Structure formats: structure tokens, C-alpha cells
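This briefing is meant for a reader who is meeting the structure for the first time. Please look over the sequence and the model below before going on to the notes.

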Amino acid sequence: MLHRLAHSRVCHCFILPTSRALSNAPAPTPPAAAPLSAADLEQLLRRCHYSASTHRFHSLLPLLTHPSVLLSSALHLSRRSHPSLPTPPHPPPITIAAAAAAFSSPSSHLRLLLPSRLKGQPLPVPTFPLRLALRCAASVLDAVFAPRAATFAYRGRHAAVRYLKSIPSASWFFRVAIPRQPFSPHHVRRLLGAISSKVDDPGFLDFLNELFVSDAVAFELGGCELGRGLPQESELTGTLVNIFFNLVDGEIMAIREEVHKKHPRMKDDSVRHTPVRVYAIRYLDDILVVTSGSKMLTIEIRDRIIAALERDLEVKVDRLGSSIHSAVSEKIEFLGIEFQAVPPSVLHPPMSEKAKRARKKYLKMKAEKAQELKNARETRRKKLGLKILNHLFKRMRRGEEFEFDFRIEKEVQQVFRDWAEETVAEYFESHEHCQYWHRLLTSGDFLSLNRVRDQLPPALVDSYDKLQETVDKFLMPMRGHDMTEEEERLAEEEEEKQYEKRTVEDLTELKMRANVPIDLVRKAVKLAGFTNSMGRPRPIKLLLCLDDADIIKWYAGVGRRWLDFFCCCHNFKMVKTVVTYHLRFSCFLTLAEKHECTKRQAISHFTKDLKVANDVGMPEVHFPTEREIRMIGDKNLSDPKPVDGALTMILVRLAVDGTSYPCLAHFCAKTETVLYRIRLLQNRLNVDPLNEKKWVHGLGGIHESLNKKCLPLCSMHASDLFLGKITLQDIDCTQFVDVE
């Protein structure tokens with residue numbers, strides 16, 4: 001029996017500019033314990049917390065307070081908040097003890113962040129002990145539900161994109177359009193019902209219920225804030241969303257099984273056959289379904305999925321937005337990337353005549369350079385050999401004798417034999433040399449006359465004939481021409497085979513192409529202030545108060561986020577152009593504006609790679625270089641966070657001296673900090689992120705209650721936050737400093 005949701009709202013505590021709460025909370029030191037890996041945690045659940053009779057897990061709430069589970073979650077947060085350190089700091093015992101106490105009363109570990117404007121909505125933020133407790137709950141729920149999750153329910157964007165690009169012969173697709181709606185109490189009841197089907201622990205369900213009632217975990221379905229590293233997202237949100245959509249995943253798996261049974265794959269390999277298949281990809285609350293069958297079949301599949309969402313999960317679905325599109329003639333946007341089915345020759349086009357000529361020229365230059373290096377190597381060998389022989393000859397003239405413990409005659413003979421064979425082979429490869437010697441050896445051919453041949457001995461005539469055959473065999477001038485014609489004929493035949501194969505593939509196969517929505521990228525570049533109305537780079541004056549290194553790091557963080565996120569797209573070159581030109585020269589103009597110099601002087605001082613000196617005085621490069629940008633591809637997909645958090649936030653350094661505030665990054669004990677003020681893009685432009693006409697479609701925004709909040713950071717974590725290595729989720733947002 002599920003417990004009812006409480007209807008009374010829990011009173012929140014307002015944030016006060018006090019010292020770190022963790023340092024003042026006395027708690028007993030837990031016994032030393034070893035951290036648990038994901039496999040160890042799953043094995044522990046199976047061994048000690050699983051009932052074979054009911055097929056459910058039990059006693060999960062006591063497991064969350066186990067020191068090993070708390071230590072594992074603390075180490076996870078520590079590694080995530082210290083990406084620049086090879087070994088992150090070990091969590092202190094008092095932190096783990098405070099996290100264990102947060103399970104009993106989650107509502108008392110909430111702080112309310114008030115917005116900077118009167119009409120803004122406050123944001124409840126969990127304290128660090130509660131955040132660590134949420135991380136423990138997420139790890140335990142993952143261990144319970146992840147092994148039973150559907151294969152198409154992905155936790156990483158790039159993994160979903162990689163699978164989507166491998167789908168063959170797509171005909172129709174549709175995206176389940178879920179309008180923006182809060183995760184309300186009836187959704188919570190459905191979620192707790194799904195969890196209770198595998199978990200028999202009323203205390204654990206009451207803990208999850210209180211998290212939703214107190215707004216410690218609060219999110220919206222159909223929005224664009226999930227999975228982006230924004231501070232309003234909880235550690236537990238992604239896991240709960242995946243559990244909530246498990247029922248729909250089961251319906252999609254049943255649909256796929258039915259369709260695949262009705263349309264089996266033919267076993268005859270000689271017949272080209274494309275069976276009807278259904279493919280599905282889900283990332284959190286985004287669902288995309290691709291079929292290779294008819295449109296009527298796709299409509300039936302869509303209606304069944306929408307019915308499962310509305311009937312079983314009580315989720316509103318926009319049926320008009322869930323329209324079916326042709327995979328060949330239309331594009332569909334999923335996870336911020338545009339997808340369309342195209343022939344294979346579009347993804348891998350044949351080389352044009354100009355490209356072929358350029359490649360031939362490059363290969364010729366490469367061969368010439370290799371020949372020059374070889375000639376130089378031979379020249380050095382000859383000079384060295386002459387010096388050695390000259391030295392030995394002088395000593396022999398003086399009557400000196402040489403005694404060696406080993407004989408090197410065979411090795412020397414082999415070396416000279418190899419040199420001679422290489423020289424002869426290289427000589428005979430030249431058509432001009434062969435023609436010259438053939439002309440010399442065949443000129444004055446008087447032995448071909450019969451009256452002369454009859455007067456000579458037969459042995460001489462036979463030797464002459466054999467000589468002529470050998471000369472014609474190896475030195476015939478037409479031989480090179482014949483070989484060239486043969487090579488050209490083979491090349492033409494190979495090209496015809498490739499053309500035939502390409503044509504058949506274009507007529508019978510379709511591949512999924514992933515493209516960058518370049519219009520949205522350009523709109524985001526213009527909205528953030530990198531370019532003016534004409535699309536030319538311009539400075540951002542809000543960054544002038546920062547150090548040169550911080551300015552370059554902020555631009556580098558935005559650029560690397562874009563490059564890492566869109567590296568799997570076909571038109572990735574356009575993003576490279578945006579980063580190489582618009583962001584780089586906007587950074588140059590910002591630095592020139594700060595130092596009151598020209599752009600040319602700024603480029604001359606910082607170089608094109610934007611080198612800047614570190615604390616020790618050594619030059620460092622944070623912005624991706626042009627060579628590095630050219631070498632970026634989709635060979636190594638690291639699944640980074642999108643650019644939203646880095647693009648929509650600027651940290652402004654405050655001119656405050658003598659601060660002794662501790663760094664707000666998780667598990668950082670440094671007190672040599674600098675105060676920064678958060679400035680959000682939507683507040684600077686006075687734009688509502690929900691208004692897509694003035695905002696960028698699909699671009700998430702940080703909650704407005706963090707605008708103008710001040711946070712102390714050490715130099716390492718400030719650099720990591722500028723570069724996008726950490727997000728505001730790795731910062732204790734309940735300990736902001738009030739400098740007013």
C-alpha cells in the first residue's frame with residue numbers, strides 16, 4: 001500500500017550569510033569503511049536486500065546510511081568537482097555523518113534562494129549533506145533498476161546519437177512531443193508505484209515522497225533543463241525520470257517484438273531484403289521512434305505509445321507536435337541535433353576532379369620530399385664512408401695493422417649488395433634511362449642481316465639473339481608506356497566498380513545524417529553578444545573587469561562545449577568556423593577593449609592561439625588552437641554537457657580585498673579565494689527563456705534566483721568553472737555570500 005502524498009507545504013529556511021554549515025555541525029565519526037563500486041553495490045543488494053519469494057528489494061533506507069555507500073557517493077562528487085586533480089581529496093568523516101542525518105529530515109536541509117527581482121520565483125536548494133544523500137539514493141536506485149532498463153534508454157547524449165546514426169533504411173519517424181508540465185502529485189504517485197513494484201520498503205518510499213513534497217526534488221517534463229548540469233536539477237532527477245518512463249519502455253519493447261515477429265529476416269543472402277523494423281531512442285523524457293515500414297504502421301505505433309503515456313503515466317502529449325515525418329524529405333530535431341535519412345553517397349561523397357588533382361599534387365610533393373631525404377641520407381653515408389676509408393688508408397700507409405675480434409666482411413658485403421640492388425632497381429624504373437641504353441645497345445644492328453649471320457659461327461649468333469631478347473625484355477622503350485596504359489585501365493575498372501557499388505547502395509540503402517542546427521547556433525552567438533547585428537565579432541564589455549586569463553578561459557569554455565557536443569555531426573565544419581572566427585576574434589576585441597589598444601596589437605601580444613601567462617609566468621593555451629580544431633572528429637565521443645550553463649552565465653570578479661571565505665566547491669578546504677558575482681544572460685537581456693521568439697529554441701537557462709549571487713572560489717575551481725569542467729551542481733549554492 002502506497003502512502004498518500006502530504007498536502008501541506010514544508011516551511012523553507014532562508015539563506016543567511018553564515019559560515020559553512022558542515023564545519024559547525026557536530027556529529028560522531030563513522031567507522032572507517034571501504035567505498036563500493038557499482039558492481040559491488042549491485043552484488044550487495046542481491047545478496048542481503050533481495051527476497052526471492054516476493055522478487056523485491058527490502059531495507060534500502062538503512063543501506064543508504066551505510067558508511068561504504070556514503071563514502072562511494074562522496075568520492076563520486078569529489079571526483080566530479082576536482083577534474084584538474086589526479087587524485088581528488090578524500091571526504092572528511094563529518095561530511096558523511098551529516099549526510100546520514102539528512103535522511104531523517106530532508107526538509108530541514110533546504111535553503112531558499114530569493115531572486116534579484118520582485119516578480120521572480122524563489123528556488124529551494126538542498127544543502128550539501130542532502131545533496132550527498134540524494135546521490136546515495138540515486139546510486140542505489142540505479143543498481144536496482146538499471147540492469148532491467150531497456151537497451152534504448154540512454155544516459156548519455158552521444159551514445160544515443162551514435163545508435164541513431166547506425167539505423168539503416170529509415171522511412172518514417174516521429175518525436176513524442178511532451179509539452180512543458182510540472183511533475184505534479186499524480187505523477188509522483190505513478191513513480192512511487194513503479195518503485196514499489198521492485199522495492200518493499202515503506203520508509204524509503206516515505207523519504208522519496210518527502211523529497212517531492214518539500215521541493216528538494218522538483219522538475220518539469222517537456223522542458224529543456226534536464227541533463228544539462230544546471231543547479232535547479234537534482235542528483236536524483238535523471239534516475240527518477242528513467243524509472244518513471246519504464247512502463248512506456250516496456251510498451252515500446254512489446255511493439256518492436258510484435259513487428260519483428262511479423263516481418264522476419266530472410267535467411268537467403270543472395271536476395272536483397274530489407275525487413276520492417278522499429279527503432280526507438282529515449283533520453284530522459286525525449287522519445288524518438290524510427291520505422292522502416294509503412295506510414296500506417298508508424299501511425300499505429302505512435303497512437304499506442306501516446307495512449308500508454310496518457311493512460312498509464314497521466315502525461316499530457318501534444319498530438320500535433322507528435323506528427324509523423326518522412327525520414328527522407330523532412331528533418332527532425334532530437335537532443336539539439338537535426339536528423340534526416342540520406343543516401344550513403346551524401347555522407348561519403350566521391351572525390352571531385354579538383355580533389356583528385358590536389359591529391360595527385362600532394363602525393364607528388366610527398367614523393368619528391370621523400371626522395372630528397374633519401375638523397376641526403378645517401379650523401380651523408382658516402383661522406384662518412386669516405387672519411388672512414390681515408391682514415392684507414394692513412395693508417396695502413398704508416399704500416400699499422402688492424403686486429404678485430406669479429407669479422408664484418410659478410411655484413412659489409414650484404415650492405416653494399418643491398419645498396420647496389422636498390423640503385424639498379426631505381427635506375428631501371430626510369431623510362432628515360434631505359435630508352436637511352438636500349439638505343440645504345442641496338443644501334444648498328446648489322447648482325448640482323450642474313451648475309452652477315454651466315455658467315456658467323458652459330459654460337460655467336462645465338463648469343464647475340466639472346467642479348468637482344470634480354471635488352472628488349474628489360475629496356476624496351478614501349479614497356480613503360482604499356483605499363484602506364486595497363487595501370488590506367490585497372491584504375492578505370494576500379495572506378496567503374498566503385499561507381500556501380502555506390503549507385504546500388506544509393507538506390508537500396510539509407511543512412512541517418514546528423515546535422516548541427518546552424519541557425520540556432522548563430523542565433524545563440526548573436527544573443528550572447530559575440531556578434532553584432534551584421535554577424536561580425538564584437539567585444540563583451542561585462543568581461544572587462546576579469547583578468548586576461550579568466551576572459552580567455554570563459555571563451556575557451558564556451559568554445560570547447562560547442563566543439564565537444566557537436567563533434568558527431570556531419571556539418572561540424574560550421575561549428576568550427578563559429579569557434580575559430582566569431583569566438584576567437586570576439587575574445588581579441590574584448591582584450592583590446594580592456595587594454596585600450598587595437599585588435600592587431602592584441603593579436604600580436606596574445607598570439608593567434610591566445611597564450612596567457614599563468615601564476616608562475618609560464619605561457620598557457622586554454623582556447624582550442626586552429627590545428628586542434630581541425631583535428632577534432634567523432635572518433636572519441638566523451639558525452640559532455642551542452643553549452644547552456646557556460647553560455648548563459650558570466651562570473652564578474654568583485655573588487656573586494658581581505659576575504660577569508662572558504663571555497664564553495666564540494667570538498668574544497670582552501671580559504672584563499674576570490675569573490676565572483678553571477679550574471680545571467682536572461683536577466684541582462686530582460687528576456688524570458690520560455691519565450692522562444694526572443695530566446696533560442698532548445699537553449700536551457702539557469703534559474704533566475706542565482707542572478708547577482710556572490711560566491712567565493714579558489715583559483716583552481718574558478719578556472720574549472722570558467723573552462724566548463726565543472727558546473728554549478730558542483731558548487732554549494734546554499735552558502736552564497738551577501739556582500740551588500
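At 7% relative accessibility, Thr531 counts as buried, where buried means under 20% relative accessible area, exposed over 50% and partly exposed in between, with a 1.4 Å probe and protein chains only. The model is a predicted one, in which local features need pLDDT of at least 70 and side-chain atom pairs count only at pLDDT 80 or more, while totals for chains, interfaces and linings use all residues. Residues are numbered from 1 along each chain as its sequence is written, and side-chain values use heavy atoms, with hydrogens and water left out.

**Thr531 and helix 20**

- Thr531 is found in the loop between helix 20 and helix 21; helices (H or I, at least four residues) and strands (E, at least two) are DSSP runs numbered from the N terminus.
- Not counting residues up to four places away in sequence, Thr531 touches Val525, Lys526, Arg536, Pro537, Arg538 and His582, contact being heavy atoms within 4.5 Å.
- Helix 20 covers residues 518–528, and its buried residues are Ile518, Val521, Ala524, Val525, Leu527 and Ala528.
- Those buried residues of helix 20 pack against helix 21 (548–565), helix 22 (572–595), helix 25 (644–647) and helix 26 (681–685).
- Gly529, which follows helix 20, has a positive phi, near 95°.

- Strand 15 (residues 337–342) is mostly covered, with 5 of its 6 residues buried.
- Strand 14 (residues 332–334) runs antiparallel to strand 15 and is joined to strand 15 by 3 bridges; two strands pair if DSSP finds at least two bridges between them.
- The two strands form a hairpin with 2 residues between them, and Leu335 in the turn has a positive phi of about 60°.
- Strand 15 is also joined by 5 bridges to strand 16 (residues 511–515), again in the antiparallel sense.
- Phe339 in strand 15 is the bridge partner of Ile332, and Phe339 also stands opposite Ala514 in strand 16.

**The packing of helix 16 and helix 18**

- The axes of helix 16 (residues 431–442) and helix 18 (residues 458–475) come within 10 Å and cross at roughly 165°; axes are lines fitted to C-alpha atoms, for helices over the stretch in contact, and angles run from 0 to 180 degrees between N-to-C directions.
- That angle makes helix 16 roughly antiparallel to helix 18, a term used for angles over 145 degrees, whereas angles under 35 count as roughly parallel, 65 to 115 as roughly perpendicular and the rest as oblique.
- Cys434, Trp437, His438, Leu441 and Thr442 in helix 16 meet Gln468, Val471, Asp472, Phe474 and Leu475 in helix 18.
- The residues of this contact divide into 6 nonpolar, 3 polar and 1 charged, where Ala, Val, Leu, Ile, Met, Phe, Trp, Tyr, Cys and Pro count as nonpolar, Asp, Glu, Lys and Arg as charged, and the others, Gly among them, as polar.

- An open sheet of 3 strands has the order 19-20-21, with antiparallel pairing, and its edge strands, each pairing on one side only, are strand 19 (649–653) and strand 21 (710–713).
- From one strand to the next, the twist averages 40°.
- Strand 20 (residues 674–680) pairs with strand 21 over 4 bridges, and Leu675 stands opposite Pro712 in strand 21.
- Helix 27 (residues 715–723) lies across strand 19, strand 20 and strand 21, running at about 120° to strand 21.
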